[in-house]
Amino acid sequence: MRPAVPAALYFFLFSFSVSAQELSLRPTLGVPRASAPIIVDGQLNDPGWTGAAATDNFTQFQPVDRVKPKVRTVARVTYDQHYLYLGFMCYDDPATIRSTLTDRDHMFDDDFVGIVLDTRGDAAWAYEFYVNPLGVQGDLRWMTTGDEDSRFDVVYTAEAIKTDSGWQAEMAIPFSSLQFPDQDEQTWRANFWRSHPRDNVYKYTWALWEQGMACHLCEMGYWTGIAGVRPGSRFDILPALVGFQSGTRRDTEDLGSPFENADPDAQAELNARYGLGSGVTIEATVNPDFSQVESDAAQIEANNTFALNFPERRPFFQEGGDLYDTEIDAIYTRAINDPEAALKLTGRQGSTSYFFLSASDDNSPLTIPLAERSEFVPLGKTYSNLGRVRHMLGGDAHIGALFTDRRVDAGEGANTVYGIDGAVRVLKDFRVAFQALGSRTTEVEAPLLSAEYLAIDSALQGIDSTFDGGRHSVALDGESFEGWAAKVAVSRESRLWRFDAEYGGSSPNFRADNGFIFRTGIHEAQLNTGLVFRPNGRVFTRVQPSMTVGRIWEWDGARKDEWVVGAMDLTLRGPWYLGCNMLLSREMFRTVWFEDIRRVDAWFESASLDRARFGASINYGNAIARNVDPLPVMGRQLTGNIWVSFKPLQQFTIEPNWEYARMRDRDTGERIFEGYVLRTRLNYQFTRRLFTRLIVQYDDFDDQFNVEPLLTYKVNPFTIFYIGSTSRYAWRDADDLGGRLVDRQFFVKLQYLFRV
């Protein structure tokens, strides 16, 4: 017999279903051609706006969906032969508006408004164009997984002004910057979006988006009526001139050795991109300067045995970036480290997307993945080819294939990876994704590199210099072998219950030299499930309890690691975000079985103030001390992080970040390691185009201090002028108060976009 359902619950469910029927789930907007020219100045008073399509039918999406927004928004859209125009009137109390004068893509903590636009209508990915009340732009790429790609940049125009009744904005997006079907009349999927951060971060959309929706791109509204426009051919030429001057100690290990400055030098580079109206883009670069104007933030790795992953920031790799991400990280573009030339082809025909990239790289890194550690070798010059194709099957379902190949210039070394992947939606809320890959590797013969970089004769017990049951050696000795990797993941998203389960593994012989594969020779299974409650009360707006269980096996089936984690995440009005979790684990590491691994993690973040955001986290408990001699021991670990983003002025931001890590032997109390990294970024924005930035970082583990000033003038994401320097200091001994300059580089770069 089924349990009785209270009458009050029936009333709640009935009321909820009625309210859902009253809302427009997938609204349609007919977009007329502009009747006169439009000047993008934020005023919205040009004659061209007369007769434009308009709507104010917004619904709140966050923190509670299906309710009326706290403020009114009017969105307008029209077009002419060359541009898509968007206009927004954002009604509000002018005294409460949050806005920062900052660099583009750094305004997402402010009020902002914009559009999510799927010009193909197949939910493969979508453009995002936003602007804040000071006219600062933000553009992203919305992926089919729900993630957002912040590397994505498009040239468009946006202006905004504040008014007595709130603020308003205008955008002009060139059709030449968009990919869409080459047909007489367009039907696009779209959703207007407004973010309104106050006591909560309120988000409003035109098409109804529900919390827990599995595929948001599948639930957008429709635009019809845009006719007579073409995704015109576009030829972009992006030349750049880079000047630099470097200096370093003659012996970097001896801070008393002379400091020697090299002669100033310069190099020219050329990037070219040709966009065909059919959706195909060809991009080439010769002698590119891919050095970053901002260093990667230091990561504490005192107790880590695996390779570290760093984000990709280089513009050349943004086109087609949505195709790089698969269940297994078989494509990691930072493995192409210092290319002297590269060619890339990306395209989209109907529901099929593809890309191909070929590069000659002067200084490629090689990561050798093992079951308990990663080894690293600077490989030298290589030639890489990468490709992927993905066909959308409707919604967020797809089938795809992948191929990568890297050849070493010196010697016969090579690595090839190939495979298929896909995803399908089952019973509406469940999504099943899979990937299967094979690899063939021929190692380069490099005994000198093996001796210098690989831990073949390590004094640490349990470090094995062989893999695959002793059939192959870690040494670069010209061996050939084949391997495979596979993964399947099942996920469920809904208003109340979410669920993720995955199983994967890779053979000891699997390698993906153009990917980020840091561990092989294991099987891994993990299950995560949780509930989402939205009380919308005076204190809590979201409560999310969850639990995770997992296990790792060695390739021969022996138990390697197993864990269970209980977690609670809370969102409070303010907004404040709080969370805690507890880990219980058992693990075999370097022949030692550790039974009593227990850690507690807690964190919080506040966005309650207009002028400041801040947060902190702490982790404490038992953890394996992995890099100790002769065998690992159980340690007592404490890690912490404190960060602040403070705006003393609307155009001035200070962002300090402090990370601390300490471990002691649990039984003896002896210190194993202790240190911290302090990194502070100061940014002053003179105008939307001109800003200066200073990064200072002290790494207590390496006892080094970095200083990185930079002045930037940015007309758009591609026309940029930089001038700056990087300096690294170290201390010879405890009495060396001032520190000694280890190395330094001055650089200047001018890059200009010519668009034909």
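Trainee: In what order do the five strands of the open sheet stand, and is the pairing parallel or antiparallel?

Mentor: The order is β2-β4-β5-β11-β10, and the pairing is antiparallel. Strands here are DSSP runs (E, at least two residues), numbered from the N terminus, and two strands pair if DSSP finds at least two bridges between them. This is a predicted model, in which local features need pLDDT of at least 70, side-chain atom pairs count only at pLDDT 80 or more, and totals for chains, interfaces and linings use all residues. Residues are numbered from 1 along each chain as its sequence is written, and side-chain values use heavy atoms, with hydrogens and water left out.

Trainee: How many bridges join β10 to β11?

Mentor: Seven bridges join β10 to β11 (residues 166–174), and the two run antiparallel. Within this pair, A160 stands opposite A169.

Trainee: Turning to β13, why is it largely enclosed?

Mentor: Strand β13 (residues 201–205) is largely enclosed by the rest of the structure because five of its five residues are buried; buried means under 20% relative accessible area with a 1.4 Å probe, protein chains only. V201, K203 and T205 cover one side, and Y202 and Y204 are on the other.

Trainee: Which residue is the bridge partner of Q60 in β13?

Mentor: The partner is Y204. Three bridges join β3 (residues 59–62) to β13, and these strands run antiparallel.

Trainee: And what joins β12 to β13?

Mentor: A hairpin does so, through three residues. Five bridges also join β12 (residues 185–197) to β13 in antiparallel fashion, and S195 stands opposite K203.

Notes: Helix = DSSP H or I, 4+ residues; strand = E, 2+ residues; numbered from the N terminus. Buried < 20%, exposed > 50% of the residue type's maximum accessible area, 1.4 Å probe, protein only.
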